[in-house]
Amino acid sequence: MVTNIDLWAKSGSIILPGRDPLPFWGFSGSAGAGAQLPGPRYDVMEGESLHITLSNQLPGTTSLVLSGVEFTPQPVKDGQGRFVSYNTEAAPGGSAAYDIVAARPGVFLYQSGTAPETQVQMGLYGVIVVRPLGYDPGNPSTWSGYGPGTGTEFDVEKVLVIGEVDTAWHEEIAGGGTPSDYDPGYFTLNGRSYPATVDPDDASSQPYGSGMAAAPGQRILLRIINAGFLNHTLSLDGVTARVVAGDSWPLKTSIDTTYRKNTITLGSGQSYDLLFTAPATGKYVIYDRDLNHVVNANQFPGGIITILEVT
Amino acid sequence: MLRNVDLWTRDGFFSTPDGSSIYFWGLASREDGKAQLPGPLIVVQQGDTVRINLTNTLPEATSLLFPGQEGVTVDDGTGPRPVQPRFGPGGVLTSFTDYADYPDNPMANPTRVTYAFTPENPGTYLYWSGTNVHRQVLMGLHGCLIVRPADYDESVPARRTAYGEGTGTEFDREYVLVLAEVDPELNYNVEHGFPYRVRDYKPRYWTMNGRCAVDTMLPSGVGYLPTQPYGSMITAEPGEKVLFRYAGGGIENHPLHPHGNHTRIVGLDGRLLRNGATDLSYKRFTVLVGPGQTYDQIFIWTGLGFDPVTHPIPTVLPQLQNLAVGHAGNTLWSGSAYLGLKGDLPVGVADLNDMGEYYFMLHSHEEVQITNWGKYPGGLMTMVAVFPSGRLGERHGRIPYTESVPV
Ligand SMILES: [Cu+2]
């Protein structure tokens, strides 16, 4: 069975706290929908074959790569032999298709493979969640990150995609220019900066909230992936979690190599799955311990902060 | 057991080896004491009732977070309740946790609060401010908390451990290294009430236990560093187990290593690396110390081919210049290849070696972090000194049993 995923790369605008709408490039999941940050989240099953069609509505070429998913990229060189893209490109107004197999469960980034230093910063990234065999969205007793024996059963799941936004880059690139030194002033969870992170999911160009709700004793699987260019360190206040997977490789297989942390650093492209039991009722702050990332354009509080509410 | 720890926030100045005197915010362990960088080392025991009484004298509200502790409560005079983040108008966070207000606040909220918790897990922890974190933690409001295991007994080697008897974490000596960075521009602007931009943050100094090299190698409590009481010189005898407790108090990564040696990581963030019978400890040369995280390690120096009877020497001959500190012309090298013996040094070289002990560097390999405002040597650098067996004495590297350590 082959599942078709249709993606469009488009330009649009995002709202960051305290400033005018900012141009960005993002993925959308239908011809009529606007671009979004991060791109549409897809849930697929382990072993599923994916036929991804990327339609390009941007002014320049673009392409798609998936991190952590085995595929054979088709690097592209320009007329002078210079390497310009990790994978087959879609020309402006055209499209390209990619066939991959979602071979193992986990959380994986998909992103632009063309001039990624600018296109990923512009917003061309998203997440595919691959479910383990036996996972049934309608049956909570089957919910786990990585299947039986991996110790990743959960009651509540949250995906947090970390990013950064350099507003000067966005304006320069959208205007057809060349960006200057990278110096992001905004830091994002699921494409939003605090306080917007705790707002619910909506139909905007930044549709995914990062707030969490659970009842005491529920098992929470926090799936963090860094789509930014900088290191980020998430600190869970009042909670020590068990690290159950790194880069979507479960740490409990024939031996249990899971370990506990309250604060964890993610480099670019890295992911960790953290499992913990919701503590007593109350609010718990989850924030970037790189403390210059909890601001919006220098103003505290902002950036990478979200809240778990246990009721 | 009930452990009361009294802390006062206070401002002050700390010194760097290149002659700067930098304004900072720190914690004092006595009402008439000086602020210190990092905050006082707090030592408690698993299962204790720990009460941290925080009194604020700064010009803005402040608080403390205790990452790795669960069920922390706060009492501002109305009785204990679970700590909670505080929100202001519009529901926006004002503090990550309940705070002690500033003295001149016309709202007259309490300037003294008591945090309480019962540590369930032994290990090394950090504490840091939970209010205006982008400023206060960087200004110096952070420190280290050690939780002794419930069965800790300093006089019984099998129970002088980081994580309890039978956990493979016995130690003969222990050292805490709290790492942080300082951008003097930020401190200057806070001192004078000037605005500053977080994104302009550019550290010029890197601190190990609040000091920049070469001050790191001075003893604890030297009188001319009154706000930086903790030294970082590591001393041991051959074959001893030395517990290193690295703690990232700042906001940068710091890759630390002891030259020519390795450590075994036994715990992270105050949690033993063990699942049931499965030992998850592992060896590393370089340990990347991330912000807000702790790394407990066991270090043993045996030397190349060292044998106390047949071969009582390290066989590595250092280059003289590798052991020069401060200005060239001082050396820590003994002048001899033999541990415990001193040899001739070239004329004009000042001898800093005591009894033929063997020194090697422990530092951040991100070399910009071993400078003071661009000049080497400085920053995150100290020495490990191996003393001849039986010559070092019991009290080196023994942090007092279970109490907060006064300045
Ligand atoms: Cu080195």
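**Contacts, copper and loops in a predicted model**

Trainee: Which residues does Thr263(B) touch, not counting those up to four places away in sequence?

Mentor: Thr263(B) touches Phe244(B), Pro258(B), Tyr282(B), Lys283(B), Arg284(B), Val287(B), Gln297(B), Ile298(B) and Phe299(B), once residues up to four places away in sequence are set aside; a contact here means heavy atoms within 4.5 Å. Before we go on, note that this is a predicted model, in which local features need pLDDT of at least 70 and side-chain atom pairs count only at pLDDT 80 or more, while totals for chains, interfaces and linings use all residues. Residues are numbered from 1 along each chain as its sequence is written, chains are lettered from A and ligands numbered from 1 in the order in which they are written, and side-chain values use heavy atoms, with hydrogens and water left out.

Trainee: OK, and where does Thr263(B) lie, and is it buried or exposed?

Mentor: Thr263(B) lies in strand S17, residues 263-268 of chain B, where helices (H or I, at least four residues) and strands (E, at least two) are DSSP runs numbered from the N terminus. Thr263(B) is buried, because its relative accessible area is 1%; buried means under 20% relative accessible area, exposed over 50%, and partly exposed in between, using a 1.4 Å probe and protein chains only. Its side chain also makes a polar contact of 2.7 Å with the side chain of Gln297(B). A polar contact is a pair of N or O atoms within 3.5 Å; within protein, one must be able to donate a hydrogen and the other to accept it, and residues adjacent in sequence count only if both atoms are side-chain atoms.

Trainee: Switching to the metal, which residues are the protein donors of the copper ion?

Mentor: The protein donors are His257(B), His259(B) and His363(B), each through NE2, together with His365(B) through ND1, and they lie 2.1 to 2.5 Å from the copper ion. Donors are N, O and S atoms within 2.8 Å of the metal (3.2 Å for Na, K and Ca), and since water is not among the atoms, sites may look incomplete. In sequence, these donor residues follow the spacing H-x1-H-x103-H-x1-H.

Trainee: Why is the arrangement around the copper ion irregular?

Mentor: It is irregular because the 4 donor atoms subtend angles of 84 to 166° around the copper ion. Four donors count as tetrahedral if all angles lie between 85 and 135 degrees; four count as square planar and six as octahedral if opposite donors are over 155 degrees apart and all others between 65 and 115, and anything else is irregular.

Trainee: What about the accessibility of His363(B) and His365(B)?

Mentor: His363(B) is buried at 2% relative accessible area, whereas His365(B) is partly exposed at 41%.

Trainee: Now chain A: how many helices and strands are there in it?

Mentor: Chain A has 2 helices and 24 strands, and 57% of its 311 residues count as buried. Its C-alpha trace spans about 60 × 50 × 35 Å along its principal axes.

Trainee: Where is Arg192(A), and which backbone oxygens lie by its side chain?

Mentor: Arg192(A) is in the loop between strand S14 (186-189) and strand S15 (212-214) of chain A, and it counts as buried at 3% relative accessibility. A polar atom of its side chain lies 3.1 Å from the backbone oxygen of Ala196(A), and the backbone oxygen of Asp199(A) lies 2.8 Å from a polar atom of that side chain.
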